[in-house]
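Student: Please take a close look at one part of this model, the place where the two chains meet. What holds across it, and which parts of the chains take part?

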Amino acid sequence: MNRVTTAFANRKAFIVYITAGDPTLDDTARLLPAIAAAGADIIEVGVPFSDPSADGPVIQRAAERALASGTTLRGVLDMLRRTRAQISVPILLFTYMNPIVAIGIDAFASAASAAGVDAVLVVDLPPEEAADLDAASAARALSRVYLVAPTTPPARIRRIARASTGFIYFVSMTGITGANLGGLEPVERGVAQIRKVSLLPVAVGFGVATPDEAARVAKTADGVVVGSAIVRALAEDATRGLSLVRSLASAVHRAPSK
Amino acid sequence: MNASRFGDFGGRYVAETLIPALEELERAYADSAKDRGFQTELTRLLRTYVGRPTPLTFAANLSRRAGFRVYLKREDLAHTGAHKINNGIGQALLARRMKKRRLIAETGAGQHGVATATVAALFGFPCDVYMGSEDIARQAPNVSRMKLLGARVIPVEAGTRTLKDALNEALRDWVTNVQGTYYLIGSVAGPHPYPTIVRDFQSVIGRETRAQIRRAAGRLPDVVVACVGGGSNAAGIFKPFEREGRVRLVGVEAAGDGISTGRHAATLAEGRVGVFHGMRSVVLQDADGQIRETHSISAGLDYPGVGPEHAFWKESGRVTYISATDNEALAAFHDLTRLEGIVPALESAHALAALPKLSRALGHRLTRKSVVVVNVSGRGDKDLATVLAREAKP
């Protein structure tokens with residue numbers, strides 16, 4: 001069992017998304033250990049991209065701030081390599097595909113592995129286009145996390161499950177990051193469908209903002225991802241952001257484990 | 001070769017939520033291609049509503065200046081004033097067939113937005129058009145037309161506030177409202193199957209041109225020239241000539257202030273392979289894979305990507321790609337207006353600006369007997385304010 005899957009072993013996992021380099025990579029390097037200490041079980045480190053078409057306004061603005069301070073994929077990996085020893089939890093790298101293409105898929109997988117990255121999620125790379133990255137990741141023991149959406153039909157869920165290692169990320173609604181979470185019924189249905197075809201843990205994200213929402217989602221899922229709400233709070237005030245992380249973490253961790 | 005790819009280019013690089021919608025579109029498109037009723041309706045609308053076939057005009061005065069015979073394919077005379085309507089009609093029929101309830105689109109120059117707003121009015125769809133606020137400022141007449149047609153024009157303030165950002169915002173809308181909304185992409189770009197669908201609907205330009213030039217000149221042309229932003233008018237006129245090895249195909253990109261200044265939109269000249277807007281293609285980007293800001297006087301060419309089939313044609317050598325600067329396009333805009341009484345869109349003016357460069361680009365001298373077809377992809381009414389404002393500057 002790899003580090004990422006282990007994070008789900010004893011309790012519901014709380015996954016925190018932040019945009020690397022927002023507002024600078026030095027800030028991110030200081031934040032990562034603090035976020036782990038505040039109760040995150042996995043940290044999803046987002047690589048800023050100029051054209052984040054899957055992201056809502058909060059993460060778009062975060063990416064703009066990060067790019068304005070000169071953040072690059074190489075820079076993010078360098079920062080992680082230097083600070084990895086201080087971060088006690090697994091790191092999931094979230095990125096769009098183009099920065100990886102710019103570096104080269106093999107060079108990226110080597111650098112990510114050397115930086116202590118545990119898993120990679122490429123939001124605009126469905127399994128059909130991912131053979132090269134899957135192979136390069138497998139060769140370096142990097143887990144591959146894929147999204148399953150409420151629109152994904154059962155046959156595709158099986159295919160995505162086969163390609164996934166680490167965990168499966170269920171998108172709570174059709175929409176972009178930071179939108180409003182609708183009812184929980186699609187989440188319950190989606191998670192149940194995934195469980196039929198995979199033994200991997202299932203985390204749910206997109207639109208989870210409050211401890212109450214996180215607690216409700218944690219009843220169904222093995223893990224809960226919160227991004228925009230934390231990114232927004234951290235941008236306003238780091239102390240307030242970390243206290244939001246703490247209250248979200250305790251809400252998720254209170255949910256009864258299987 | 002995989003149907004979703006052109007050589008190594010194309011594919012489907014989008015968030016998972018959209019994949020089933022793209023698969024549904026691919027199936028619906030394949031069914032429509034085999035459905036005689038659908039094809040009859042498309043042909044009827046192109047003839048009776050769009051006004052096809054558009055003429056092929058022999059440009060006598062321009063030919064004397066150029067030193068070879070120049071024919072103009074007159075997409076400026078299509079309904080709404082540009083070739084974009086060919087694809088708008090085709091995809092609106094698809095949307096109706098798929099029982100979608102709403103259209104969305106992105107637009108740069110506004111011609112695709114106008115075409116989409118037009119077919120939305122015709123077929124009774126509500127319609128939202130995303131447009132960068134920079135483009136809204138420089139293409140005001142088209143914004144008014146879209147509103148008159150009943151579309152909502154939604155300004156996009158993100159990024160560079162141009163076409164690429166409008167496309168990002170349209171993708172965000174689509175991923176949110178994917179059930180029930182049809183995304184009507186205007187160029188041969190984006191995830192599979194869009195580059196194929198848009199090229200097929202635009203290929204009517206090339207099919208007509210083949211028949212018309214045979215009648216007018218007694219043979220196929222030596223050269224076909226078209227401007228390339230995303231590349232839909234070029235793909236449409238090139239495709240039916242693709243297998244005619246003797247017909248040279250020339251695509252003209254926007255060199256803005258000049259390629260050496262870095263302020264341009266000549267993607268195939270300066271870009272590298274990347275993944276952008278759902279496709280693997282050539283992309284203008286920095287060393288770290290961030291998409292670069294582009295510049296062109298022509299909003300319709302101001303785009304850092306290019307359709308994957310053009311990337312393939314460049315790699316295979318089938319099409320020769322060159323570029324024209326803002327100033328060259330402006331000069332060609334005035335030349336066609338004064339010499340032939342035709343006001344071209346600034347996009348099309350880039351294709352016309354290539355005429356003096358053709359011999360050099362092709363590596364052999366064109367003679368008085370050479371036959372060259374230029375695709376006049378749209379008319380220039382929308383650009384008058386841009387041209388006048390630029391020329392009023394001291």
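Tutor: Across the interface of chain A and chain B in this predicted model, 18 residue pairs are in polar contact, with both residues at pLDDT 80 or more. On the side of chain A that touches chain B, the elements giving two or more residues are helix H3 (57-68), helix H5 (97-103), strand E6 (146-148) and helix H8 (154-163) of chain A. H5(A) provides the largest share of that side, with 5 residues. Sorted by class, the side of chain A that touches chain B comprises 17 nonpolar, 9 polar and 8 charged residues.

Salt bridges between chain A and chain B number 4. In one salt bridge, the side chain of A:Arg156 meets that of B:Glu23, at 3.8 Å from N to O.

As for the extent of the contact, chain A contributes 34 residues and chain B 33 residues. The two chains, A and B, bury about 2700 Å² between them, and 49% of this lies on carbon and sulfur atoms. Of the area that chain A buries against chain B, 21% is supplied by A:Asp51, A:Asn98 and A:Glu129, which is more than any other three residues supply.

Strand E6 (residues 127-132) of chain B is joined to E7(B) by 5 bridges, and B:Tyr130 has B:Ile154 in E7(B) as its bridge partner.

Terms used: Residues numbered from 1 in each chain as written. Chains lettered and ligands numbered in written order. Predicted model: local features only at pLDDT ≥ 70, side-chain atom pairs only at ≥ 80, totals over all residues. Heavy atoms only, no water. Pairing = 2+ DSSP bridges. Helix = DSSP H or I, 4+ residues; strand = E, 2+ residues; numbered from the N terminus. Contact = heavy atoms within 4.5 Å. Buried area = accessible area lost by both parts, 1.4 Å probe. Polar contact = N/O pair within 3.5 Å; in protein donor to acceptor, adjacent residues only side chain to side chain. Nonpolar A, V, L, I, M, F, W, Y, C, P; charged D, E, K, R; others polar.
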